[in-house]
Amino acid sequence: MFDKEKEMTEMKNYAIIGFGCAGYHAAKAIRKNDPDGRIVVYSDTADPPFNPMLSTYYASDALPLEGTFPFGSMEEIVKDFQLELHSETEAVHVDAAKKEIELADGTRKRFDSILVATGASAVVPASLTENAGRFFLMRTLKDAQNLRNHIEKENVKSAVVIGASMAGIKTAEIFYRKGIPTTLIDGASGLFPLAAYPDVAAMMQAKLNDLKIAQIYNAQVAAIRSNTVELSDGRTLEADCICLCIGVHANIQLVANTKAVEGTEIKIGKGIIVNEQMQTNVPGIFAAGDCCEGKNLQTGETSVIGLWANAGAQGECAGKNMAGKEAVYYGNILHNITHFMDMDFISLGDISLPGEHRRFTGKDFLVEVCMDAGRLNSINIFGQYRISGILKSHLTKRLLHGESTLTPAQRGMLLAEGLPAELINLLGDKES
Ligand SMILES: Cc1cc2nc3c(=O)[nH]c(=O)nc-3n(C[C@H](O)[C@H](O)[C@H](O)COP(=O)(O)OP(=O)(O)OC[C@H]3O[C@@H](n4cnc5c(N)ncnc54)[C@H](O)[C@@H]3O)c2cc1C
């Protein structure tokens, strides 16, 4: 065999579907650990990896387009990692048995190992699909561009945002900053229903009231017609701009019904289920980011944890394992860190877990903890983002190792940030 031919047959053929945060970090890790392998990226957009967290800043004209691409231009990325890029190319099916990807135009491409990093899409309930076009979503760059164009071209004088979680509140902020009267609607009983304790939510809702943001909770949207939102209790709201931000679902269709050689199907729940190596139950098929279910350290089960840093760490772990370097991603906890309308809200851990609630207030902030048998289960912090890193690592460490003690340096930093000693002692188990 000629050297070149031998080289080609020995060279590993990696495929990455989806090129957001998870896909980017996987490509980077593969290239770092395999300088010669062939890395083929299939992306359904023409854009470089985009940060959806910045979409509302772009939609409100607070950030230029280039600012939403944290890793630079596609040309630079392709050159740096020597990628073979298929942009504006949608992958529709992963054939695990044949180790082939089927593209939307029907062509099939071979791979040795593959990462599915297809992220998530905004949820549009079946009851509203016939009204599509009447409302704006907030997930992709296209969504942000659509809203930005609408605000720029139409004389928007009123807005309704449906969904009062991370994406909804950030979308409401766009209108708030432009002085456009806005109503926030949610089917749950308060703001950040999956992350905020009821009394913390009530306090933030009062602050939004002060900012003249109208809020309607416990309200189901029945229909959106023209410029009208119809609630199931018969109320109607008129608005020049209606946004639907009620959550996301993992993009997993392309691995549904795919069978491996021995007939096993790739396991999926709400996302593609992966182990600590980010590998699915089918060897050679990996998943990372918002499309997958990795380990939730608090429940021990797998769940989708749709967060930017999580997607990056999972992508990196998958990329290393694909390239033959052993790596483990132990999992994560639910958390939410949102800066909105000059306020900071942080939630760490699963707020549905039971425990005793204690509340502490400082000069400009409030901390509420939920403790179970002397251990921190979850925490809400309002008005103090600087302490979140220490507390997240403390909670994560405890879940991973069974115990965690705050170091003297961490205690000192928490004290310096104004946390009362009583709370620090409560959190710290014992001083190390
Ligand atoms: C408004 C908003 C605010 C947010 N705020 C925060 C925050 O404060 N903190 C935080 O941690 N996280 C936040 N997030 C979540 C964070 O942005 C995501 O967790 C992260 O971007 C996930 O990265 P990903 O690579 O898994 O997916 P994505 O960024 O969704 O990338 C997936 C890529 O795959 C492509 N793709 C999908 N299907 C296919 C296919 N079949 N073929 C080819 N390509 C495909 C998509 O077009 C996309 O480019 C926010 C998200 C939004 C929308």
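# Briefing: sheets, domains and ligand shell

Strand S9 (residues 159-162) and strand S10 (residues 182-185) run parallel and are joined by 4 bridges. Strands (E, at least two residues) and helices (H or I, at least four) are DSSP runs, numbered from the N terminus, and two strands pair if DSSP finds at least two bridges between them. The model is predicted: local features need pLDDT of at least 70, side-chain atom pairs count only at pLDDT 80 or more, and totals for chains, interfaces and linings use all residues. Residue numbers start from 1 along each chain as its sequence is written.

- Contact here requires the C-beta atoms of two residues, placed from the backbone, to lie within 7 Å.

**Sheet with S2 and S3**

- An open sheet of 5 strands, with parallel pairing, has the order S3-S2-S1-S7-S18.
- Strand S3 (83-86) and strand S18 (285-287) each have a single partner strand, so one side of each is left without a neighbour in the sheet.
- In this sheet the twist averages 20° from one strand to the next.
- Strand S2 (residues 38-42) pairs with S3 in the parallel sense over 4 bridges, and Val41 has Leu85 in S3 as its bridge partner.
- H2 packs on the sheet and touches strand S1 (13-17), S2, S3 and strand S7 (113-116). The direction of H2 makes about 170° with that of S2.

**Domains**

- The protein chain is divided into domain 1 (3-122 + 249-322), domain 2 (126-246) and domain 3 (342-427); the bounds come from an automatic or database domain assignment.
- Domain 1 and domain 2 have C-alpha centres 31 Å apart.
- Their contact takes 12 residues from domain 1 and 14 residues from domain 2.
- On the side of domain 1 that touches domain 2, H3 and strand S8 (120-122) each supply at least two residues, and the largest share, 4 residues, comes from H3.
- By class, that side of domain 1 has 5 nonpolar, 5 polar and 2 charged residues. Ala, Val, Leu, Ile, Met, Phe, Trp, Tyr, Cys and Pro count as nonpolar, Asp, Glu, Lys and Arg as charged, and the others, Gly among them, as polar.

**Ligand shell**

- The ligand is surrounded by 37 residues, of which the closest are Gly18, Gly20, Gly119, Gly289 and Leu307. A residue is near a molecule or strand if its C-beta atom, placed from the backbone, lies within 6 Å of it.
- Helix H2 (21-33), helix H3 (55-59), helix H6 (166-177), helix H8 (308-322) and strand S21 (335-340) are the elements that give two or more residues to the shell.
- The shell divides into 19 nonpolar, 13 polar and 5 charged residues.
- Domain 1 and domain 2 each provide at least three residues of the shell.

**Single residues**

- Ile77 is found in helix H4 (residues 74-81). Ile77 is buried because 20 other C-beta atoms lie within 10 Å; the class is buried at 20 or more other C-beta atoms within 10 Å, exposed at 12 or fewer and partly exposed in between, with C-beta atoms placed from the backbone.
- Not counting residues up to four places away in sequence, Ile77 touches Pro48, Phe71, Gly72 and Leu83.
- Ser226, in the loop between strand S12 (221-225) and strand S13 (228-231), has a positive phi of about 45° although it is not a glycine. Ser226 counts as exposed, with 8 C-beta neighbours inside 10 Å.
- Asp342, in the loop between S21 and strand S22 (343-349), is not a glycine but has a positive phi of about 65°. Asp342 is exposed, with 8 other C-beta atoms within 10 Å.
- Gly428 is placed in the segment after helix H11 (421-427) and counts as partly exposed, with 19 C-beta neighbours inside 10 Å.
- Gly428 touches Thr405, Leu406 and Arg411, not counting residues up to four places away in sequence.

Notes:
Axes are lines fitted to C-alpha atoms, for helices over the stretch in contact, and angles run from 0 to 180 degrees between N-to-C directions.
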